[in-house]
Amino acid sequence: MAGKLVIVESPAKARTLSAILGRGYSVKASLGHVRDLPKASLGVDIEQDFAPKYVIPAEKKKIVGEIKKAAAKASFIYLATDPDREGEAISWHLVQAVKLGKDAPPIQRVVFHEITKEAVRGAFQNPGVINMDLVNAQQARRILDRLVGYKLSPLLWRKVQRGLSAGRVQSVAVRMVVDREREIQDFISQEYWIIEVELAPPEAKEANFTARLFALADGTKLDIANKGDADRVVTDLEKAEYAVKGIAKKQVARQPASPFITSTLQQEAWRKLHFTAGRTMALAQQLYEGLPLGEEGSVGLITYMRTDSTHVAASAISETREFIGEKYGARFLPPKARSFARKTKWAQEAHEAIRPTRIHRQPEQLRPFLNPAQLKLYELIWKRMVASQMSAALYDTTNVEIEANNAGGGEQPPGYLLRASSSVVKFPGFMAVYTEGRDEDERGESLVSLPKLSVGDKLIYLGTSAEQCFTQPPPRYTEATLIKALEQRGIGRPSTYAPILSTIQERDYVNKTDGKFHPTELGIIVNKILTEHFPRIVDPGFTAQMQEQLDRIAPGKHEWVAALQQFYPPFQDTLNKAWTNLGKVSMAQVSGETCPNCGRPMVIKVGRFGRFLACSGYPDCKTAMPYLVKTGASCPECGGELVQRMSKKKKVFYGCSKYPQCKFAVNRKPVPQPCPACGKLLVQSRGDWARCVACQTRVEISEPEKRKEEVAS
């Protein structure tokens, strides 16, 4: 008797489904899409309502043939691709590629959001059909991206250099990085001073605490802009008498965060685990598709990982609340289950948030079966889900306002107001399991431990500290903050964040140093061209508007051809003008070096693998050599100079200029000054600090060395 054929995307998912479905089912993997637009041509008939011309790539013809043979022998065909637009399109392409017509066995679509026995069997008992609205939403996005990429890239090749590309979403991400760099470069730092006073109750000097100056006695905000002003205020405070003016106490409840969606998982995995978005999604895919758990067999450990919905199934909430009551007790369980509003306007509520498929499957129990990275990500997802249904954390907060008045006699100094705050955890609630990580630019509130005080209490003055500070420019984007910014602006969707970040680095438009994105010279030039000649393409607002149109196609609220017809004519008109008005852009820069063969100046050019030196006499002289960014630091092994290099994966590192004779290399930027403890190499740590590679001594970088670093950069 012919069996039932099930088609999925990946071999791992196929293995897990085979174990669940058992005999009578044959499960085949398509290895992703089996049809796509051709690589060598546009593949879109603009005159015929943007009809796509799909082809089967050469590497997929064997797979398509195998699926076709299996389909011919099957009594029933189930399409079990992922539960999103991309998965729906893969199912549709499979039907077209394998040519499953009227004579084919019955074909049905099965959708499940977790790969467990209950979910899979439930899906097979209630099959459906391919949702063409979802397919059309995916087609519209694919065709739109093809139109932008294949029309803009030749322009960049001709006007700038070969090998460049532009994309509908990637170009906006590059613009955001470039704009942030411009903000940093244009930022003018302003001096300000923070003044704090150490005080204590007269009867308990050991219960001293610190209060910060914030206003004059009449409530006027106090801005101290230079050392002279700071010294005058410090003198006043030294003469003042101190008393408690007011005390405000209250209990504050801190609520847990919602379970993860794709973007928040990527952000938190970067903050807490330092996983890139790409690595996070690869690990999440493994956890979703199923891993062998000994006697339990292969099973999916988390729900589908590409989602923008914070919805959680009622059964999962019930299971989580039961677990919390058993493990942590009734105090940690709120009276009612928590529900969370959807995260984005077009979130698909049929999807769930990312959560464990079984909350009783605790991370520690999976240690023998998962590798360290898989276990860390699973633990993050598990803790976030458990915490989301726990009681709020309760804090007792106290804010004390203190008067500093003149002490009488002579010229009277003005009065001042100071403030001290404390916060004590009264009940940890969800924080017993999990707390959110912070971005590097976020600072927590500065709190102190306060003694028992009452209004009118006199206080003893113990000392004053005045700290010079400077306003800081906005921070450069990290993986977490760039994804957050893209999401907030409505740019990209769950399936695109990781590819966007990978693409802009692979194209050498940005690089990542110490976890922060920096635009390259190439990225700045390409962004300038696109901003001047294609302002709508790189405008975040327009890109978000286009994304909203694509999202309206999925629920059948907008027609996909109409969306493309609205976009394309203005785009083509702008493109024609750019071909006429944009002159040739030279990427070459004078290097100060001379050609060893002909003596003419060498210029810096940018190629596929970064910057290199080329003779300005090209094509008469074709001399070329690597361009080495000097650091001013000496190699600890051979004495050669350490220079900046780029790995094949576009990662910046620092190696000896005498390579391959000397293969010394470090990941962090070397500092010209030697270690004061052992004389060995220092490399940049965090902020203005450096660390010795030999003895691990931490050293603050001196001002002259900072200037050397800036010149070297």
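Reader: Where does Pro660 sit?
Author: Pro660 is in the loop between β23 (652-656) and β24 (665-666). Keep in mind as we go that this is a predicted model.

Reader: And what is the peptide bond from Tyr659 to Pro660 like, cis or trans?
Author: That bond is cis, and its omega is near 10°. A cis peptide bond also joins Tyr618 and Pro619, with omega at about 10°. Pro619 belongs to the loop between β19 (610-615) and β20 (624-626).

Reader: Thanks! Staying with backbone angles, what is phi of Phe50?
Author: Phi of Phe50 is near 60°, a positive value in a residue other than glycine. You can find Phe50 in the loop between β3 (44-45) and β4 (51-52).

Reader: Is Phe50 buried or exposed?
Author: Phe50 is buried, since its relative accessible area is 4%, under the 20% cut-off for that word.

Reader: What about Asp514, where is that one and what is its phi?
Author: Asp514 lies in the loop between β15 (510-513) and β16 (516-519). Its phi is near 55°, again positive in a residue other than glycine. Asp514 has a relative accessible area of 42%, so it counts as partly exposed.

Reader: Let's switch to helices. How do α15 and α16 cross?
Author: The axes of α15 (residues 540-553) and α16 (residues 560-581) come within 9 Å and cross at roughly 160°. The two helices are therefore roughly antiparallel to each other, and their crossing is right-handed.

Reader: Which residues make the contact?
Author: From α15 there are Phe542, Met546, Gln549 and Ile553, and from α16 there are Trp560, Ala563, Gln566 and Phe567. Sorted by class, the contact of α15 with α16 has six nonpolar, two polar and no charged residues.

Reader: Nice. At what angle do α6 and α12 cross?
Author: The axes of α6 (residues 170-186) and α12 (residues 479-488) cross at roughly 120° and come within 11 Å. That angle makes α6 oblique to α12. The crossing of α6 with α12 is right-handed.

Reader: And who is touching whom in the contact of α6 with α12?
Author: On the α6 side it is Ala173, Met176 and Val177, and on the α12 side Leu482, Ala485 and Leu486. By class, that contact has six nonpolar, no polar and no charged residues.

Reader: One more pair, please. How do α1 and α4 lie, and what makes their contact?
Author: Helix α1 (residues 11-21) and helix α4 (residues 117-125) have axes that come within 10 Å and cross at roughly 80°, so α1 and α4 are roughly perpendicular to each other. Leu17, Ile20 and Leu21 of α1 meet Lys117, Val120, Arg121 and Phe124 of α4. The residues of this contact divide into five nonpolar, no polar and two charged.

Reader: What does Leu17 touch?
Author: Leaving out residues up to four places away in sequence, Leu17 touches Val6, Val8, Val27, Ala80, Phe112, Ile115 and Val120.

Reader: Where is Asn527, and what does it touch?
Author: Asn527 is in helix α14 (residues 521-533). With 4% relative accessibility, Asn527 counts as buried. It touches Val174, Arg175, Val178 and Arg182, again not counting residues up to four places away in sequence.

Reader: Last one! Where is Ile701, and is it buried or exposed?
Author: Ile701 lies in the loop between β28 (698-700) and α17 (703-712), and at 7% relative accessibility it counts as buried. The C-alpha atoms of Ile701 and Pro569 are separated by 56 Å, and the two residues are 132 residues apart along the chain.

Notes
Residues numbered from 1 in each chain as written. Predicted model: local features only at pLDDT ≥ 70, side-chain atom pairs only at ≥ 80, totals over all residues. Heavy atoms only, no water. Axes fitted to C-alpha atoms, helices over the stretch in contact; angles between N-to-C directions. Helix = DSSP H or I, 4+ residues; strand = E, 2+ residues; numbered from the N terminus. Parallel < 35°, antiparallel > 145°, perpendicular 65-115°, else oblique. Left-handed = near helix turned anticlockwise from the far one by under 90°. Contact = heavy atoms within 4.5 Å. Nonpolar A, V, L, I, M, F, W, Y, C, P; charged D, E, K, R; others polar. Buried < 20%, exposed > 50% of the residue type's maximum accessible area, 1.4 Å probe, protein only.
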